[in-house]
Amino acid sequence: MRISVVIPAHNEEAFLPKALQAVLQQTLPPFEVIVVDNASTDRTREVAEGFGVRVVYCPRKGVAYARQAGLLAARGEWVAMTDADSIPLPTWLQTLARHGEGVVALYGPLRFYGVSPWTAFVSEWGYRAFLNLMAFLGKPNLAGANMMFLREAALEVGGFPEVEAREDVLLGWKLKRMGRVRYVPEALVLTSPRRLKGGWGRFLAQQVKNLLGDPRGYFGEDGGRER
C-alpha cells in the first residue's frame, strides 16, 4: 500500500518538527511526505526541507486550498492527512492500512497533548463518543488531523470544497456516497490544545456551529488558520 502523507502548514515552524518526526518514524513508512506551505511568512518551508520531505507551495491562504493542493500533488494510491500541530502515534499508518480493504476512507480519534490528565481524558473520550454517535447516524466525521482516503476516489468527487472550515467532514460525506467510510478507534493522533485558548465553552459552541454548517469564525475573527 503506497501512502502519501500530506500536512498543510501556515506559519508552523514551531509545531512542524514534532509532526514530521512522528510521521517519519511510523512503523509502516509512508511512500512520501508532503508539506503544503500555505503562504507562510516564517521558516515553515525551511523546516520541512530540513527533514527531506516534499514541499508544495499553495499561495492561496486557507486550509481547504492547502489540503486540495496536497491531494493533487500526492503520488500514492492512498492519501493520509494530519495537521502540523498534531502527533500521530507510531502505529497510526499501520493501523489505518490494516482496515483499508473494501473502504474508500478511514478516520480516527484525537486527544489533546500538553494539558492536564483530566483535560486529555475529556478531549479524547468526549470526541470518541461524538464520533461513535455520528457513525451511528451515518454521518462520518472525518478530521483533517486524522484521516486517510483513496486518492482517485477523492479526485472523482472533486476533492475538498472551498470553505473556511469543515472541508474534511464534507469530503467524508461525499466519499460515503461512493463507498464505505470506516471509523478506526485504535488510530489515535495527538493534537495541540491551542483551540482551547478561549476556554471549553467557546470551543464547544464553535463545534456546534461548525456541525450545523456555519464554520464562520472557526479560526478567529480574521478567518486565519494556523496549519
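Below, we talk through some salt bridges, a threonine and a surface patch.

Modeller: Happy to! This is a predicted model, so local features need pLDDT of at least 70 and side-chain atom pairs count only at pLDDT 80 or more, while totals for chains, interfaces and linings use all residues. Residues are numbered from 1 along each chain as its sequence is written, and side-chain values use heavy atoms, with hydrogens and water left out.

Biologist: How many salt bridges does the structure hold?

Modeller: A salt bridge here is a side-chain nitrogen of Lys or Arg within 4 Å of a carboxyl oxygen of Asp or Glu. By that rule, the total is twelve.

Biologist: Which residue forms a salt bridge with E12, and how far apart are the closest N and O atoms?

Modeller: E12 sits in the loop between β1 (3-9) and α1 (16-24), and its partner is in the loop between β10 (189-191) and α8 (200-211), 182 residues apart. Helices (H or I, at least four residues) and strands (E, at least two) are DSSP runs, numbered from the N terminus. E12 and R194 also belong to a salt-bridge network with D85. The partner is R194, at 2.6 Å.

Biologist: Is R98 buried or exposed?

Modeller: Buried means under 20% relative accessible area, exposed over 50%, and partly exposed in between (1.4 Å probe, protein chains only). R98 forms a salt bridge with E186 at 3.9 Å, and E186 is partly exposed at 41% relative accessibility. R98 has 55% relative accessibility, so this residue counts as exposed.

Biologist: Why does T44 count as buried?

Modeller: T44 lies in helix α2 (residues 44-50). Contact means heavy atoms within 4.5 Å, and beyond four places in sequence T44 touches residues including A9, E12 and D37. T44 counts as buried because its relative accessibility is 0%.

Biologist: Which residues form the nonpolar patch on the surface?

Modeller: Patches are made of residues with over 30% relative accessible area and no salt bridge, joining like charges within 9 Å and nonpolar side chains (Val, Leu, Ile, Met, Phe, Trp, Tyr) within 5 Å. Areas come from the Shrake-Rupley method with a 1.4 Å probe, and for residues only the protein chains shown count as cover. One member lies in helix α5 (residues 117-136), and together the members have about 410 Å² of accessible area. They are W118, F121 and W125.
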